[in-house]
Amino acid sequence: GRIYASQVTKSGLAFLNIRGDQSQFHGNWVIQDSGIQFLTPGSTGDGNNQIILGGGHMNDNDNYLQSFYSEARFNFNPGTPDLFTWNTGKITSYDIGRVYTVTATDRLTQVADIDLKTTNTTPGAGQEGVLFFQVDGSRSVTRTGTVTLYDDYLIQVESGSWGPGATTGVQLGSGTGTGGLNNQGQFDFRKVGDGMLILGEFG
């Protein structure tokens, strides 16, 4: 159905799946636990909707491990190698989050600008943030808009099941790398994972 609201705030362990066009929805998606999955091009909203990943948590209730991050999952196969752009506002991740694009072989996907923040009292003086970034599909790349660090960050790029040496991964920055990574001249980042990371402009 259609969502009419000023904001959607999602919590709980299960995913919230958005299948239908939501062009009438003008608010933000706030994901506190687990994730949201967009399954059609228009499911993200009117195009200005920010996605806020609240950091999630980890909890052990009688050995039942709960979700420890919040996730934005973009799950759509456009059917061609041509660039497919998800029409959203900025993605902001706090402390620990995940951005996951599910496509197919030989696909090129674009997501929005990403702000990487933490809840540290003093940026650069506490625990670094973590962003998990996964792209599925052999020889598939997901581009971002400008990725801005507001604290030190670890970026883990996963290549799905393709493993080390895969050409599946993430390019920070759109087009030829316009925007790229902005650490504001202050913050460090570390890259881990078996996916490829392509850096655009670095500032």
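Okay, let's start in the middle: the largest nonpolar core has 30 residues, and Trp-29, Phe-38, Ile-51, Phe-74, Ile-91, Leu-116 and Phe-133 touch the most other members. By nonpolar core I mean a set of buried Ala, Val, Leu, Ile, Met, Phe, Trp, Tyr and Cys residues joined through side-chain atoms within 4.5 Å. Buried is under 20% relative accessible area, exposed is over 50%, and partly exposed is in between, with a 1.4 Å probe and protein chains only. Apart from that core lies another one, of 5 residues, including Tyr-69, Val-130, Phe-132 and Leu-154.

Before I go on, this is a predicted model: local features need pLDDT of at least 70, side-chain atom pairs count only at pLDDT 80 or more, and totals for chains, interfaces and linings use all residues. Residues are numbered from 1 along each chain as its sequence is written, and side-chain values use heavy atoms, with hydrogens and water left out.

Back to Leu-116. Skipping neighbours within four places in sequence, Leu-116 has contacts (heavy atoms within 4.5 Å) with Ser-93, Leu-131, Val-147, Thr-148, Leu-149, Tyr-150, Asp-151, Tyr-153 and Ile-155.

Now the sheet. It's an open one of 7 strands, in the order E2-E4-E8-E11-E14-E17-E20, with parallel pairing. At the edges sit strand E2 (16-18) and strand E20 (189-192), each pairing on one side only. Strands are DSSP runs of at least two residues, E, and helices are H or I runs of at least four, numbered from the N terminus; two strands pair if DSSP finds at least two bridges between them.

Beyond four places in sequence, Val-102 is in contact with Arg-73, Phe-74, Asn-75, Phe-76 and Asp-136. Val-102 and Asp-136 are 34 residues apart in sequence, yet 5.2 Å apart C-alpha to C-alpha.

Asp-95 isn't a glycine, but its phi is positive, near 65°. Asp-95 sits in the loop between strand E10 (91-94) and strand E11 (96-102), and at 25% relative accessibility it's partly exposed. Arg-139, also not a glycine, has a positive phi of about 60°. Its loop runs between strand E14 (129-136) and strand E15 (141-143), and Arg-139 is partly exposed at 46%.
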